[in-house]
Amino acid sequence: MLDPNLLRNKLNLLLQQLLKKNFRLDIEKISSLENQRKKLQMETETLQHKHNVLSNLFRDQKNLDQKNQTLMNKLLKLSNRINCLKMTLTSLQEQIYNFSMCIPNIPDDDIPNGKLSIDNKEVKRWGEKRKFHFIIKNHLEIGNKNKELDWKSSVKVSGSGFVIMKGNMALLHRALIQFMLDTHTLKHGYKEVYVPYLVHPKALYGTGQLPKFSDDLFHIHLTNKTDYILIPTGEVPLTNFVYNEIIDEKDLPIMLVTHTPCFRSESNSYGREVQGLIRLHQFEKVELVQIVHPETSMNILEKLTNHAEIILQMLNLPYRKMLLCAGETGFSAAKTYDLEVWFPSQNKYVEVSSCSNMTDFQARRIKARYKTKDQKKKFFVHTLNGSGLAVGRTLAAILENYQQPDGSVEVPAILQKKYMQGLKFIN
């Protein structure tokens, strides 16, 4: 949620900034709502003051044993009018709130203008692409050949968009999760958190997935019971960890990491480039979240992104770091880096992590603030999040980049002894 003062005082500037995100702000609507609010608020305050004056007068007369029915009638009439105005004002404020919840975050001045992925800026490239002297297979073909990525059985159980992993493939999947968690907790200093996978809708309003992305979520409706939504990312429960909290300034930054399944309908996904493990209705992710002081958030975005990069470097997977243009930057984000790993079968880089600074956008929605050392002032924190990494896509990248001529897959050296029980190849 944006600072309400921007909607009241800087509409034209806000309009120009949001156009960079392909969002056209309805200035006429918000201006009309705000003008009505101001008028109602002023009338309510004026009548409330008049009511207070008459109440004091009535109290004085009552103390003097003077009965004044006319004054009592005036007070009653004023009270009814004030209550009516307050109800109208509450309804109007709710309309303004619902309107503002659909407005995206302002893009940072540092990011490139543009509307499409071709406008994103490459800021870094790491690792050498392997040269293959045999016909390259994609990760589906590799998984099908060793029969440890089982798509047929998953269709029987759940339909398309799911996968069953077996044997050493399941072991590699689990190894990646443990390796990522160990690296982020032991090397980078994050606190591991186990979180619920079902959350209240208000948690998704807090992080910005609702109301805009409702169709991409799995909703759980139970008769005569609370409605839940399956989390699309661990960002949702982790960020809501500080919902309606006031944090001591000395306790910032708060660094959290969790491993969760993620559930997304992916209703608009199709084509060869999203087959296999690239887009699933259920997939695993290790998620990083930081709650930080506003003055440090942009520097921390660089650090958080580097934490995700280190995973790729330790796995020796070639990747590039992309600064997203305004039109590609997500609804809640002010600035985002995508880490894209090389997929030889597609001859292209594919996103495996997205790291974003949400500034105070989510904090305003979840009312997360910090208090200064003197305890006198409170300000909104800044929130950041990033994948560290998407496990399925990382596994797919390993299958493709580490494939051998005989169809086997070499296990990355960092995983072999500690996480893969000494296994060097998946045959």
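Let me begin with a definition, since we will need it several times: a residue is called buried when its relative accessible area is under 20%, exposed when it is over 50%, and partly exposed in between, using a 1.4 Å probe and protein chains only. Please keep in mind that this is a predicted model, in which local features need a pLDDT of at least 70 and side-chain atom pairs count only at pLDDT 80 or more, while totals for chains, interfaces and linings use all residues. Residues are numbered from 1 along each chain as its sequence is written, and side-chain values use heavy atoms, with hydrogens and water left out.

With that in hand, is Asn 385 buried or exposed? Its relative accessibility is 5%, so Asn 385 counts as buried. Asn 385 sits in strand 16, residues 382-390, where helices (H or I, at least four residues) and strands (E, at least two) are DSSP runs numbered from the N terminus. If contact means heavy atoms within 4.5 Å, then, residues up to four places away in sequence not being counted, Asn 385 touches several residues, including Glu 235, Glu 287 and Gln 362. The side chains of Asn 385 and Glu 235 are also joined by a polar contact of 3.4 Å, and by polar contact I mean a pair of N or O atoms within 3.5 Å, where, within protein, one must be able to donate a hydrogen and the other to accept it, and residues adjacent in sequence count only if both atoms are side-chain atoms.

Why look at this residue at all? An unreviewed UniProt entry lists Asn 385 under "binding site", together with Thr 233, Gly 234, Glu 235, Arg 264, Glu 287 and Ser 387, although such annotations may be inferred rather than shown by experiment.

A polar atom of the Arg 264 side chain lies 2.8 Å from the backbone oxygen of Pro 232, and the contacts of Arg 264, leaving aside neighbours within four places in sequence, include Asp 216, Thr 233 and Lys 285.

Eight strands form an open sheet of mixed pairing, in the order 1-11-12-13-16-10-9-4, and two strands are said to pair if DSSP finds at least two bridges between them. Strand 1 (121-126) and strand 4 are the edges, each pairing on one side only. Strands 9 and 10 pair in the antiparallel sense over 10 bridges, whereas strand 4 (residues 191-192) and strand 9 run parallel and are joined by two bridges. Strand 9 is largely enclosed by the rest of the structure, because eight of its 10 residues are buried.

Finally, the interior: a nonpolar core is a set of buried Ala, Val, Leu, Ile, Met, Phe, Trp, Tyr and Cys residues joined through side-chain atoms within 4.5 Å. The largest one has 56 residues, and Leu 176 and Leu 415 touch the most other members. Helix 7 (residues 167-187) gives this core its largest share, nine residues. Apart from it lies another core of 25 residues, among them Leu 18 and Phe 331.
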